[in-house]
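Student: I've got a structure open and I'd like to learn how to read it. Can you walk me through some features?

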Amino acid sequence: MHKIFTRIVPAGAVAAGLVFASPASADAAPSKTKGGKATKTVAAEIALGDKRPVKAKASKAKKKVTARATVACSNTTITPDAANLEVVRVTLLCLHNQIRAQAGLPLLKDNTKLRKAAVGHSNDMVAEGYFDHTSLNGDTFVDRILDAGYAKRNDGWTIGENLAWGTGELSTPQAIMNAWMNSAGHKANILKKAYKEVGISVRLGVPTDAGVGATVTADFGAKV
């Protein structure tokens, strides 16, 4: 049996084949005191920092949107295993940029701090057997990304997160990307013009069975 599951809102059952829940997204502006908390039911998530220069950001964005050549990606149909996880991760990054290039958007740069947050969350979901943007200890995706050192809570930033897991042929990089691009919330994160960087994690095992498939976290960001 091959399965794929992408996170939008909590779902109690996983069926054979391609499975989706209803899409959702959210914006948040953390305050200087606390803030940054996202709801537990939102999945393809977006959050905004509290110091976003409006005019400067608008003019800056216009300069960065340029036509780009097609990005070619290899190894798109390999099944994740212990020997090729880095290849799968690099392929997923390539596929993100292939899609963004086709849309005339700036390409995403690999960011080590976003990747640190993504790795920690993929590991935690598989180890603890849950599938959500909010960890069992209550940390939201905003908390995890900021705690990884990507930005300070009171700085200006925009961040987002996509989650997926799959087994068998539905765990390949292309299958994961197809699932995300067929879900409005995940697609919005992938094609968000403001994002400049991404950190991707591929962890063997899925939240329901650590012995099969792979779990993927993609953390997006930009400091403004």
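Student: Is Y195 buried or exposed?

Tutor: Buried means under 20% relative accessible area, exposed over 50%, and partly exposed in between, using a 1.4 Å probe and protein chains only. Y195 has 0% relative accessibility, so Y195 counts as buried. F220 is buried as well, with a relative accessible area of 0%. Bear in mind that this is a predicted model, where local features need pLDDT of at least 70, side-chain atom pairs count only at pLDDT 80 or more, and totals for chains, interfaces and linings use all residues. Residues are numbered from 1 along each chain as its sequence is written, and side-chain values use heavy atoms, with hydrogens and water left out.

Student: How many aromatic pairs are there in the whole structure?

Tutor: Rings of Phe, Tyr and Trp (its six-membered ring) pair if their centres lie within 6.5 Å; planes under 30 degrees apart count as stacked, over 60 as edge-to-face and the rest as tilted. Searching the whole structure gives one aromatic pair. The ring centres of Y195 and F220 are 5.3 Å apart and the planes are at 20 degrees, so this pair is stacked. Y195 sits in the loop between α6 (184-190) and β6 (197-206), while F220 is in strand β7 (residues 209-223), 25 residues apart. Those labels come from DSSP runs, numbered from the N terminus: helices are H or I with at least four residues, strands E with at least two.

Student: Which strand pairs with β5?

Tutor: Two strands pair if DSSP finds at least two bridges between them. Here β5 and β7 pair in the antiparallel sense over ten bridges, and W165 has T215 as its bridge partner in β7. Ten of the ten residues of β5 (residues 157-166) are buried.

Student: Where is the disulfide?

Tutor: Look for a pair of cysteine sulfur atoms within 2.5 Å. C73 is joined to C94, S to S 2.0 Å. The torsion about their S-S bond is about -95 degrees, so the disulfide is left-handed. C73 lies in the loop between α1 (54-64) and α2 (85-102), and C94 in helix α2. Both cysteines, C73 and C94, are buried.

Student: What about the largest nonpolar core: how many residues does it have?

Tutor: A nonpolar core is a set of buried Ala, Val, Leu, Ile, Met, Phe, Trp, Tyr and Cys residues joined through side-chain atoms within 4.5 Å. The largest has 23 residues, and L92 and F220 are among those with the most contacts inside it. Helix α2 gives the most to this core, with seven residues.
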